[in-house]
Amino acid sequence: MKPLSIGTIHTMTVTQTVDEGYMLQKGSGEILLPLPETETPLKNGQLVDVFLFTNQKGKIEATMKHPRIVKGTFNWAEVIEVIKHLGVFVDIGITKDILVSKDDLPPLQHVWPTEGDQLYVTLGEDHRGRLLAIPATEEDIYLEREFASEDLLHKTIRGRVYRASKEGTAIITDEGYRGFIHHTERKNEPRLGERVKGRVIGVKEDGTINVSLRPLKQYSIDLDAEDILAHLEEHDGVIPFSDRSDPEDIRATFNISKSAFKRALGRLMKEGKVEQREGHTYLKK
């Protein structure tokens, strides 16, 4: 018989009562069911369905509390605690929170999830046999995703981030669609596990969607203009940018395209708030 596997639910037999709880057996495997992990008093010979996990010391124990996630299934798990040198702990519905290793999180900690965010995970083990929560991969998402239809174009969409990268952000929407947010379509990079709201700007043949977190052009001009003004005020009323500046320099500073920068700058000049001289923009007093 195969050894008892953690991260799964087993039907086991109560063999004896001990001070700590109950001893359970299945085949040659014997596991402790601690008293706090029980729901009702048990009798010898009784069959119980239990979930197996590893305790703080790495020893396998049982619980009668069944989690929302077991090996081979995926679900959202709320982040309970962030420990920089370890990773983050998530709630899967049992007493013990489960670690998502830092090795399975983005290299840059500023896009790590914070408490209250949710990660789309399954269960696995580390090299020492301890239970881990493991984020879904792109392959996992593609197998589970719903197919989006063309009528979603321009519609508002909500979802959570399951992958954060320099190139862009990948999300799972509330409806189960896989969405991608190119880095040019976001003002700030969302965290892994963060909930976002955007609009669909493309529906692809494979049923995935492209999403923008930026407002429509008529609204984004105002927001971009406010950012330029704030930048001017933070730099003594002058910035080394004009409508002839290099597009990459503009994006690196303001995270907007050159065309968006020129539109916002034109608005500010028309309102008499700024002026340009010799490749610089000055705040009018």
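Predicted model: local features only at pLDDT ≥ 70, side-chain atom pairs only at ≥ 80, totals over all residues.
Reader: Which strands form the open sheet, and in what order?
Author: The open sheet has 5 strands in the order 8-7-6-9-10, with antiparallel pairing. Helices (H or I, at least four residues) and strands (E, at least two) are DSSP runs, numbered from the N terminus. Two strands pair if DSSP finds at least two bridges between them.

Reader: And which are the edge strands?
Author: They are strand 8 (98–101) and strand 10 (131–135), each of which pairs on one side only. From one strand to the next, the twist averages 55°. Axes here are lines fitted to C-alpha atoms, for helices over the stretch in contact, and angles run from 0 to 180 degrees between N-to-C directions.

Reader: What holds strands of a sheet together in general?
Author: Strands of a sheet pair through backbone hydrogen bonds, either parallel or antiparallel.

Reader: How many bridges join strand 6 to strand 7?
Author: There are 5 bridges between these antiparallel strands, and Val79 stands opposite Val90 in strand 7. The two strands form a hairpin with 3 residues between them.

Reader: What about strand 6 and strand 9?
Author: Strand 6 (residues 75–83) and strand 9 (residues 118–125) run antiparallel and are joined by 4 bridges. Trp76 has Tyr120 as its bridge partner in strand 9.

Reader: Then strand 7 and strand 8: which residue stands opposite Gly87?
Author: Ser101 of strand 8 stands opposite Gly87. Strand 7 (residues 87–91) pairs with strand 8 in the antiparallel sense over 4 bridges.

Reader: What does Leu99 touch?
Author: Leaving out residues up to four places away in sequence, Leu99 touches Leu86, Gly87, Val88, Phe89, Leu132 and Ala133. Contact means heavy atoms within 4.5 Å. The C-alpha atoms of Leu99 and Gly129 are separated by 13 Å, and these residues are 30 apart along the chain.

Reader: Moving on to the largest nonpolar core, which members touch the most others?
Author: In this core of 46 residues, Leu24, Val50, Val90 and Ile92 touch the most other members. Its largest share, 5 residues, comes from strand 4 (residues 47–54). A nonpolar core is a set of buried Ala, Val, Leu, Ile, Met, Phe, Trp, Tyr and Cys residues joined through side-chain atoms within 4.5 Å.

Reader: What surrounds Ile92?
Author: Not counting residues up to four places away in sequence, Ile92 touches Phe51, Pro67, Arg68, Ile69, Ala77, Ile98 and Leu123. There is also a second, separate core of 15 residues, which includes Leu229, Phe241, Ala260 and Leu268.

Reader: Which residues of helix 4 are buried?
Author: The buried residues of helix 4 are Ala260, Phe261, Ala264, Leu265 and Leu268. They lie on the same side of helix 4 because they cover an arc of only 130° around the axis; the arc is that of the directions from the helix axis to the C-beta atoms.

Reader: How far does helix 4 reach?
Author: Helix 4 (residues 258–270) has 13 residues and reaches 18 Å from its first C-alpha to its last, close to the 18 Å expected at 1.5 Å a residue. The expected span is 1.5 Å times one less than the number of residues. Just after helix 4, Gly272 takes a positive phi of about 75°.

Reader: Which strands close into the barrel?
Author: The barrel has 5 strands in the order 11-12-13-15-14, with mixed pairing. Its twist averages 50° from one strand to the next. Strand 12 (residues 168–173) and strand 13 (residues 178–182) run antiparallel, joined by 5 bridges, and Ile171 stands opposite Gly179 in strand 13.

Reader: Finally, where is His154, and what is its phi?
Author: His154 is in the loop between helix 1 (138–144) and strand 11 (156–164). Its phi is near 75°, a positive value in a residue other than glycine. His154 is exposed, with a relative accessible area of 62%.

How values were computed: Residues numbered from 1 in each chain as written. Heavy atoms only, no water. Buried < 20%, exposed > 50% of the residue type's maximum accessible area, 1.4 Å probe, protein only.
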